[in-house]
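Work through the exercises below with the structure in view. Try each task before reading its solution.

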Amino acid sequence: MPTSSGHTKAIRASRVIGTNVYNSSGDKIGEIEDVMLDKTTDGIMFAVVGFGGFLGIGEKYHAVPWKLLDFDEATGGYVVPFTKEQLEQAPAHGITELTENDGLKVRDRSFSYYNDVAA
């Protein structure tokens, strides 16, 4: 069954990982590095989006709420409703921090920021 934007509800993680992410101005800002799953609820905790860095050096990882990524067929990537400046100010984490305390601290801090900015 499609979502309100016409996309399917089910998508394979292998199809998502490596997909480019663009800001609301159409600038490529990074790519989806991983998807964090919540085993106890069978849900997606967040998309791990890598911004910046080169070949993994200096890369910042952002826990972006899955619902804020909208697939754009024209670019073949996901678009987030944020400016470059908003993304630069967003909470960033090292790859190991994403799973500490079951990822809850990262998720809560990131969701609070992104939901406030998107409002």
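The model is predicted, so local features need pLDDT of at least 70 and side-chain atom pairs count only at pLDDT 80 or more, while totals for chains, interfaces and linings use all residues. Residues are numbered from 1 along each chain as its sequence is written, and side-chain values use heavy atoms, with hydrogens and water left out.

**Exercise 1.** Find where confidence is lowest and where it is highest in the protein chain.

Solution. Start with the scale: pLDDT is the predictor's confidence in each residue, from 0 to 100. The chain has a mean pLDDT of 82, with 86% of its residues at 70 or more. Next, go by element (DSSP runs: helices H or I, at least four residues; strands E, at least two; numbered from the N terminus). Confidence is lowest in α2, at a mean of 82, and highest in strand β6 (residues 77-79), at 95.

**Exercise 2.** Describe the largest nonpolar core.

Solution. A nonpolar core is a set of buried (under 20% relative accessible area, 1.4 Å probe, protein chains only) Ala, Val, Leu, Ile, Met, Phe, Trp, Tyr and Cys residues joined through side-chain atoms within 4.5 Å. The largest has 18 residues, and those with the most contacts inside it include Val 21, Leu 87 and Tyr 114. At least two residues each come from β2, β3 (43-51) and α3 (104-118). Apart from this core lies another, of eight residues, including Met 36 and Phe 46.

**Exercise 3.** Which residues lie nearest the centre of the second largest pocket?

Solution. Among its 11 lining residues, they are Ile 29, Phe 51, Lys 84, Leu 87 and Glu 88. A pocket is an open set of points on a 1 Å grid over the protein atoms alone, where a 1.4 Å probe fits, with protein on both sides within 12 Å along at least five of seven lines; lining residues have an atom within 4 Å of a point. Then take the elements: α2 gives the largest share of the lining, three residues.

Note on methods. Buried < 20%, exposed > 50% of the residue type's maximum accessible area, 1.4 Å probe, protein only.
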